[in-house]
Amino acid sequence: MKTTTRVVVIGGGVVGASVLYHLTKLGWSDVMLLERSELTSGSTWHAAGGFHTLNGDTNMAALQGYTIKLYKELEEITGMSCGLHHVGGVTLADNQDRFDMLVAERAKHRYMGLETEIVGPEEIAKIAPVTNLDGIIGGLYDPLDGHLDPSGTTHAYAKAARMGGAEIVTYCMVTATIQRTDGTWDVVTDKGTIHTENIVNAGGLWAREVAAMAGIYAPLHPMEHQYIVTDDVPEIVERDSEHPHVMDPAGESYLRQEGKGLCIGFYEQPCRPWAVDGTPWNFGHELLPDDFDKITDSIEFAYKRFPALERAGVKSVVHGPFTFAPDGNPLVGPIPGLQGYWSACGVMAGFSQGGGVGLMLAQWMVEGECERDVTAMDVARFGDWITPGYTRPKVIENYQKRFSIAYPNEELPAARPHRMTPMYDIFSQHGAVWGHQYGLEVPNYFAQADEPTFEDPSFRRSNAFEAVAREVKSLRENVGITEVHNFGKYRIKGANVRAWLNRIMAGRIPKIGRISLTPMLSPKGKLMGDFTVSCLDENTFVLTASYGAQAQHMRWFLQHQESGVSIENISDKMNGFSIAGPKSRELLKLCTRNDADMRFLDVRQMTIGQVACTVNRVSYTGDLGYEIYCDPMDQRALWTTLWTAGQPMGLSLFGMRAIMSLRLDRFFGSWMREFSPDYTAAETGMDRFIKWDKDFIGKAAAEAETPARQLVTFEVDALDADVTAYEPIFIDGEVLGFCTSGGYSHHTGKSIAFGLIPKEHAKEGLNVEIEILGDLRPATLITQPIFDADGSRLRG
Ligand SMILES: Cc1cc2nc3c(=O)[nH]c(=O)nc-3n(C[C@H](O)[C@H](O)[C@H](O)COP(=O)(O)OP(=O)(O)OC[C@H]3O[C@@H](n4cnc5c(N)ncnc54)[C@H](O)[C@@H]3O)c2cc1C
C-alpha cells in the first residue's frame, strides 16, 4: 500500500468506485480507494439494481442518462459484465395531475434529446401486460430504463480504475482523517497512515461517521427499504422477451422481472429511518429482518395493480438501509471552507446516478469546475443551519414522497418552521402563507379575509392567484412592503478590497455611495453569481445575491481570498425591508430627517425612525423602490415606523409570489432560472454589465465566446397555466430552445416566458410555440419591457 497519493477515496461502494474510475479517466492515476471490507459492503450489494433517467432536475436527469450509457463503455473497457437488462419502463398515471406531471417531464425530455414517450392505456397493455389498467389514464415510457448486477458493475468500475493506474486497498478501515497545517491530509487506517492532498468521502451508509472524523456534519440519513422477489409467475414464464419495469406512483411501487418471477419494491408511508444515532461499524453483510407489517397496505394495492403477484409465492425478501439527503439528491463537491475535502455521498440511486456523480466530482477536482450546473447535487446547497434534527424528518418526507407528484408551487411541510426572522409572528398575524428557502421561512403571500390560507399545489394557476393580483395592484398603485431577509449578503472589508472585487467580479465596482450590478464568472466563463455591490466607504463593500447560494458563494470567495481582504457572510446579520411603488419615496421621507432624495443606484446611511439603516435605491419589483437594511435586533422597531407611517397612503404587504410576478414586467432574470452556471454572460445578456478594460476571472473565456443562443422574452397566449421552467420552444415546428422560467404578470395581464433560443432567431416578433402541459401555446418574442419601458418609474 502506498503512503502518499493525490486522492484517497474512502468507501468501495458503487459511488466510490465510480469516482475513482472517473479520476483516472480524466488523467489522475496517482489515486487510491480504501474499503474497510470487500467492495460493495454497504448499501451496494443488496440494491435492486434498477436505473432510470426520470428526475425533476434536468441536469440530474441528464447525468442519469450519462450513467446509463456509461455501462456499455465499462463493459467494453474491462471485458466484464455489468449484467445489463435494457428492458425499458413505464411510469403510470392514474389521475390528471399525475398525467400532467408526466407530460411536463416528456416536454423537458424533448430538448434534452431523451426518447421518452407518452403512452395510453392500450399501449401500456401491450408494453406491460402484467398491469391491471383500471383507472390508468396514461403513462410515460422510457426505453432507457433497466436494471443491472450491482456487484458486477461496482467491480467493473474498480477494474477500469485499476487499469487507469488507481490502487484499491480492501480490508483497510479508515479510523481518522487529520488535516495538516498546509491543508493536506493524513488518512489514518488500520494498515498505516496515508498522506494525501484530497479526501473523498464516499462512505455511503457510514458517510456521517466518516465526515465526523473531519469535524463535518453530512446531512443525510439511512432509511430502511424492502423489495420482494417472487417464485416463477406463469405470465412471465410464457413470455419470450423480458417484461419491462413498471413504476406505479399510486402504489408507491416499482416492479420488474427477476428470473421468471417478479421483483417489487415499495416506498411505503409507514417508513422507518435506520441507525438514527449512527451506523454500526459491524454492519455490512447482513440484511434487516423482513417486515411485512409496514408494507401491508402497499402489498394489497400491488395485488390489485399486478394481480399475478397475488398468485405467486415469495421467493426472497431483501430489506436493507440506504442513505438520503433532505431533498433526495446526492451530496457532491468540495466542503465549503475545508481545503482538499470532497463529498460523494447521500446517493440514494447509485445505479442511476453513480456515473454522473463520479464524472462531476472528477471534473471539479481535476478541472476546477463541472461541465454543467450541479447545484441540485452540490453539498453546499445546505448551509451550516442544517442539523440532524432537521435532516431526519426531511428525509422521511422525501422517502414518502419519492413517487408523489412534484408541483412547481408546492411547499413541503416537514421540519418547518426551522429558521425565522423577528418578523415571523407579526407577518403570521398579517396572514402570511409561508414558503421556505435554504431553511428560512419566507412569506409567499399574505392572505386577507376570504383568501386561501393554504395554496393548493398545482401545475396551473393556483388558488392564490387573486391574492397575489391584489398585492401587485396595491404596490403598483401605492406602495408595498416586504422583508429583505432572503438575500445572501456579504461584508467585504480591507485595504485591498477594491482590487480584489475588480478581479473576482466581471463588472464595474462602484464609487463610494453608489451601487453596481455585476456578474461573477468562472474561469470557463460560466455564471457563478449575479451580484449587487454597494460601496459604503473605500474599504467597505456590501454584496447581495441569492440567499440559497450562500455556501456556494462563500466557498468561492474563500477559495479566492487574498491578504488585505476580510469576507464575512452577514446574510442573517443584516435584515430589513423592501418598500416599492410610486409612493415609496414619500413613505421614506416621512420616516427620516435625513436627505432621502436618492438617485437610482445610490446607497446611503440613514436613521429611519430610531433605527440606523443602510438604504439602497434599487428594487427587484422594477418600480421606484428602496431596500432598507438594519441589524435584526432593530427590525421590529423599523417595522413599526414604516408600517405606521405607511397606513394613510395604503401601504400593503407583498410576498415572494408577487415579487416573481412583478419582476416579469421589466424582464428581470432570477438566479438559478435565467442565470446559472449552465449559462454564460453573453448568452443571458449579463455581458452588458461586464467592464472589459480590466482583468477579472473568466475574462479570456468571455472574450473568446461567440454565443450560439440568447436569452429572450415571450408573451405567451396561455390558458390557465403559465411557463414554470424547461418547457420546450418550437420554432417552425422544431424544438430549438427551452424556457428558463416564466409566469403571469398580474400588472399587465400577460403570460410571460423567458427562454434560450438560437441567436439567429432572436428577433422582435418571432412567433413560436411553447409546450405547456402538453398544449402547444402560441408565443411572440418581445424586446420592450411591458411596464415602465423607458425606466422613468424605476430610475425616476
Ligand atoms: C433494498 C435496497 C434496494 C435498492 N435498490 C436500488 C435500485 O434499484 N437502484 C439504485 O440505483 N439504487 C438502489 N438502492 C440504493 C443503492 O444501494 C445506493 O444508492 C448505493 O449502493 C450507494 O452506494 P455508495 O457507494 O454511496 O454507498 P455504500 O454502498 O454504502 O458504500 C460505502 C462503502 O464505504 C465503506 N466504508 C465506510 N466507511 C469506511 C471507512 N471508515 N473505511 C473504509 N471504508 C469505509 C463501506 O464498507 C462501504 O463498502 C437500493 C438500496 C436498498 C437498500
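Because the model is predicted, local features need pLDDT of at least 70 and side-chain atom pairs count only at pLDDT 80 or more, while totals for chains, interfaces and linings use all residues. Residues are numbered from 1 along each chain as its sequence is written, and side-chain values use heavy atoms, with hydrogens and water left out.

Let's begin at the ligand. Around it are 39 residues, of which Glu35, Arg36, Thr44, Gly50 and Val347 come nearest; a residue is near if one of its heavy atoms lies within 4 Å. By class, this shell holds 21 nonpolar, 16 polar and two charged residues. Here Ala, Val, Leu, Ile, Met, Phe, Trp, Tyr, Cys and Pro count as nonpolar, Asp, Glu, Lys and Arg as charged, and the others, Gly among them, as polar.

Now look at the backbone. A polar backbone atom of glycine 49 is 3.1 Å from an oxygen atom of the ligand, and one of valine 174 is 3.0 Å from a ligand nitrogen atom. The protein covers 97% of the 1000 Å² of accessible area that the ligand has on its own (Shrake-Rupley method, 1.4 Å probe).

Next, find helix H18, residues 656–665 (helices are DSSP runs of H or I, at least four residues; strands are runs of E, at least two). Eight of its 10 residues are buried, meaning under 20% relative accessible area with a 1.4 Å probe, protein chains only. Among them are Ile659, Met660 and Leu662. Their cover includes helix H13 (465–477) and strand S34 (734–745). After H18 comes phenylalanine 667, with a positive phi near 60°.

Terms used:
Polar contact = N/O pair within 3.5 Å; in protein donor to acceptor, adjacent residues only side chain to side chain. Buried < 20%, exposed > 50% of the residue type's maximum accessible area, 1.4 Å probe, protein only. Contact = heavy atoms within 4.5 Å.
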